[in-house]
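Please keep the sequence and the structure in view while reading.

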Amino acid sequence: LKALSYVQTSFSQLPFATSALRVSLQDPSERKLLRTPTRYTCTYTISPRFYETTIESISFKVQPTGVVSAVLNINPLTIDGQRVTKFVLPNETDFKAIDPTIKDRLILYCYPGLEPQIFTLTKASSRKSPPSFPSKCPKCDSPLKWNTVEEKKVACCSADLVCVNDSVKDISHFVGRRALNVPSLSDNLIKELVEKSVITTVADLFQLSQSDWQLAETVSFEE
């Protein structure tokens with residue numbers, strides 16, 4: 001139980017990700033310590049932490065998969081030691097479900113080592129009209145095509161890989177040997193950073209935070 005208390009209060013410092021602990025007691029006399037005294041084991045769920053922020057702007061991006069996602073640019077938060085400046089809604093269904101707009105109050109929850117999720121959204125008292133999900137690709141202006149994936153309405157650029165690869169090609173060319181010559185930024189790494197919406201244009205390279213570079217180092221090591 002001391003371990004449970006420690007993990008609950010210090011999970012952001014742990015070298016591993018966990019959302020629950022399973023306690024197992026070998027001595028039958030200690031079973032009363034568990035929530036279910038007739039069993040030898042019990043699972044304790046780690047409580048999530050909650051974070052409050054506001055939406056500063058909303059943009060739409062084409063992911064490397066070709067899917068168009070909504071990006072909520074939020075007032076920066078520090079979650080598990082990482083600076084979080086945006087939250088991605090991967091499809092139109094999720095976007096319309098919360099109907100976000102600028103200055104809305106957003107409450108996120110996060111389990112240790114996992115991506116933050118939306119807990120609730122409180123609409124601003126003097127809110128502006130929410131933006132509509134685009135009908136054309138925000139990058140190349142091609143018409144969007146719609147698919148249903150796991151009951152979610154997903155928008156994709158009709159230009160397929162021609163559009164998707166543009167961002168990666170532009171950035172790869174800029175950091176290539178004949179330009180900035182940054183060999184540590186490989187094509188696979190750039191694709192990963194674009195997919196996570198860390199960068200979408202060449203200009204974003206000059207605004208990367210320390211946590212962004214740590215992500216880059218992690219992906220580079222995995223390669």
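Aspartate 99 and lysine 123 meet through their side chains in a salt bridge, with 4.0 Å from N to O. Aspartate 99 lies in the loop between helix 2 and strand 6, and lysine 123 lies in the loop between strand 7 and strand 8, so the contact ties together parts that are 24 residues apart in sequence. With a relative accessibility of 28%, aspartate 99 counts as partly exposed; lysine 123, at 48%, is partly exposed as well. The model is a predicted one, and every value given here is computed from it.

Across the whole structure, the search finds 6 salt bridges. Two others among them connect helix 2 with strand 9. In one, the side chains of lysine 152 and aspartate 94 meet at 2.7 Å, N to O. Lysine 152 belongs to strand 9 and aspartate 94 to helix 2, and the two residues are 58 residues apart, so that distant parts of the chain are linked. Lysine 152 has a relative accessible area of 31% and is partly exposed.

In the other, lysine 153 and glutamate 92 form a salt bridge of 3.6 Å, N to O. Here too the pair links distant parts of the chain, with lysine 153 in strand 9 and glutamate 92 in helix 2, 61 residues apart. Are these two partners buried or exposed? Lysine 153, at 38% relative accessibility, is partly exposed, whereas glutamate 92, at 6%, is buried. Setting aside residues up to four places away in sequence, glutamate 92 touches Phe133, Trp146 and Lys153. Glutamate 92 also takes part in a network, in which salt bridges with shared partners join Glu92, Lys96 and Lys153.

Strand 3 and strand 4 pair in the antiparallel sense over 7 bridges. Within the sheet, phenylalanine 60 stands opposite alanine 70 of strand 4.

Which residues have the most contacts inside the largest nonpolar core? They are Phe60, Val68, Leu72, Ile74, Leu89 and Phe95, in a core of 25 residues. Two or more residues of this core come from each of strand 3 (49-62), strand 4 (68-79), strand 5 (82-89), helix 2 (92-98), strand 6 (105-110) and strand 9 (152-157). Strand 4 gives the most, with 6 residues. The surroundings of isoleucine 74 illustrate the packing. Leaving aside neighbours within four places in sequence, isoleucine 74 is in contact with Thr53, Thr54, Ile55, Glu56, Val84, Thr85, Lys86, Leu106 and Leu108.

The cysteines form the last topic. How many disulfides does the model contain? The count is 0. Cysteine 157 is itself buried, with a relative accessible area of 1%.

Cysteine 137 is found in the loop between strand 7 and strand 8 (144-149); with a relative accessible area of 3%, cysteine 137 is buried. Cysteine 137 and alanine 159 are 22 residues apart in sequence, and their C-alpha atoms are 8.8 Å apart in space.

Conventions:
Residues are numbered from 1 along each chain as its sequence is written. This is a predicted model: local features need pLDDT of at least 70, side-chain atom pairs count only at pLDDT 80 or more; totals for chains, interfaces and linings use all residues. Side-chain values use heavy atoms; hydrogens and water are left out. A nonpolar core is a set of buried Ala, Val, Leu, Ile, Met, Phe, Trp, Tyr and Cys residues joined through side-chain atoms within 4.5 Å. Buried means under 20% relative accessible area, exposed over 50%, partly exposed in between (1.4 Å probe, protein chains only). Helices (H or I, at least four residues) and strands (E, at least two) are DSSP runs, numbered from the N terminus. Contact means heavy atoms within 4.5 Å. A disulfide is a pair of cysteine sulfur atoms within 2.5 Å. Two strands pair if DSSP finds at least two bridges between them.
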